[in-house]
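Okay, thanks for coming, everyone. Let me put the structure up, and then we'll walk through it piece by piece.

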Amino acid sequence: MMMNTKGITCPLDGTLLIAEQGRLVCPNGHSFDLARQGYCHLLPVQEKRSADPGDSKAMVNARSDFLDAGLYQPIAELMIEQLVHNIAALDQVVIADAGCGEGYYLNALSQHLSKMEQSARLIGFDISKWAVARACRRNRDITWLVASNRNPPIAPDYIDTMLCMFGFPQYPAFAKCIKPGGYLLMLDGGPAHLIELREHIYEQVNDTKPFNAEPALSAGFERVSETRLTVPKVEIPQHLLASLLLMTPHFFRASEAAKEALLALPRISVTIDVECRVYQLKAPD
Ligand SMILES: C[S@@+](CC[C@H](N)C(=O)[O-])C[C@H]1O[C@@H](n2cnc3c(N)ncnc32)[C@H](O)[C@@H]1O
Ligand SMILES: [Zn+2]
C-alpha cells in the first residue's frame, strides 16, 4: 500500500516528502525506506540518543497484550469523549498521536470515526521502531512513523489536534506543527493510578508529581479543560500482571523480590486514575 505523505516532512531539512517505489524522498535527495510492515523510519541517526531508543520490543509486546485485554478501554473512551466534547469537528481534520506506542488509542479513535461515518487523517509516531512496527498491525489506514516528539516530521500548522497519551510532550515542537487554534490533548496517570500495585512493590509510595502547566503556557497553549476519571477495583488477572508491570516504569524501579511477590499473586484489584487535559494553541494576535 502506498503511504499517504501529505504533510509529512524530511526530518533533515523540513521539505515535504513524496512517495516513490518503496521509499519517501525529499527534493534535496534525502531518502527514507518504507518498512515492509508499512511504516517509515524518519528518525535521523543524529537524533538517536541510544542504539534502540524508546520502548523495547518486550515492553511494546507487553503493552499490546495488556491493552488488548480491554481493561484500559475506559481510558480510550475518555480520550474520545474529550475530543468530541471540546473540539467542534473531528471529520476531515488531521489528528496526530505523539508517542503513539503500539497504536491502541489512535486505532480506537479510528474505529470511533468509522462508526460515526467520519474520516480524519490520522498520523501516529513514536521513537520506538518496535512500537511503530506493532502499530502497523492494528491499522494500515493510519500513517505510522518512527520519529521523535522533539522534531516531529510534520509540516508547520498542519495538525488540528495532537494527542499525547502517557507521553512526553515537547511543547515548542508540538506548537510548530499544530495549527493556530488547534488542540493538544494530554492524558496522564493521576495520583491514585495503579496505587495498589505501587503499594505492593514499594515500601513507601511516592506522590505523583503534580502537572506543571507552565511549559505548555509559555509555548503558546491555553488551558481548555481538565477531566479526571477514576475507576476503582479493576481486576487484573495473574496472566496480565507481568505485562502490566513491564509496560510501566515500575518494572525498572522495583526490586526483584518485590516483582516476584507481585507476580505470584492470583490477581490484584487496582484503581485506574487518569487526568485528561485539553489545551489550545493561541492564534496570533
Ligand atoms: C508510556 S508509553 C505510552 C505509549 C502510548 N501512548 C500508550 O499510551 O499506549 C511512552 C511512549 O513514548 C515513546 N517515546 C519516548 N520518548 C519519545 C520521544 N522523544 N519521541 C517520541 N516517542 C517517545 C516510547 O517509545 C513509548 O512508546
Ligand atoms: Zn531532505
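So, strand E5 first: both of its faces are covered, with Val94, Ala96 and Ala98 buried on one side and Ile95 and Asp97 buried on the other. Buried here means under 20% relative accessible area, exposed is over 50%, and partly exposed is in between, with a 1.4 Å probe and protein chains only. Helices (H or I, at least four residues) and strands (E, at least two) are DSSP runs, numbered from the N terminus.

Quick housekeeping. This is a predicted model, where local features need pLDDT of at least 70 and side-chain atom pairs count only at pLDDT 80 or more, while totals for chains, interfaces and linings use all residues. Residues are numbered from 1 along each chain as its sequence is written, chains are lettered from A and ligands numbered from 1 in the order written, and side-chain values use heavy atoms, leaving out hydrogens and water.

Who sits beside E5? Strand E5, residues 94-98, pairs with E6, residues 121-126, in the parallel sense over five bridges; to count as a pair, two strands need at least two DSSP bridges between them. Isoleucine 95 has leucine 122 as its bridge partner in E6, and for alanine 98 that partner is phenylalanine 125.

Zooming out, there's an open sheet of eight strands with mixed pairing, in the order E4-E7-E6-E5-E8-E9-E11-E10. E4 (40-41) and E10 (221-237) are at the edges with a single partner strand each, so one side of each has no neighbour in the sheet.

Now helix H3, residues 104-115. H3 lies across E5, E6, E7 (143-146) and E8 (159-165), and runs at about 170° to E6. Axes are lines fitted to C-alpha atoms, for helices over the stretch in contact, and angles run from 0 to 180 degrees between N-to-C directions. Alanine 108 lies in H3 and is buried, at a relative accessible area of 16%. Leaving aside residues up to four places away in sequence, alanine 108 touches Ala76 and Ile80, where contact means heavy atoms within 4.5 Å.

Last stop: the axes of H8 (residues 238-246) and H10 (residues 256-263) come within 9 Å and cross at roughly 150°. That makes H8 roughly antiparallel to H10, a label for angles over 145; under 35 is roughly parallel, 65 to 115 roughly perpendicular, and the rest oblique. Gln238, Leu241, Ala242 and Leu245 of H8 meet Lys259, Leu262 and Leu263 of H10.
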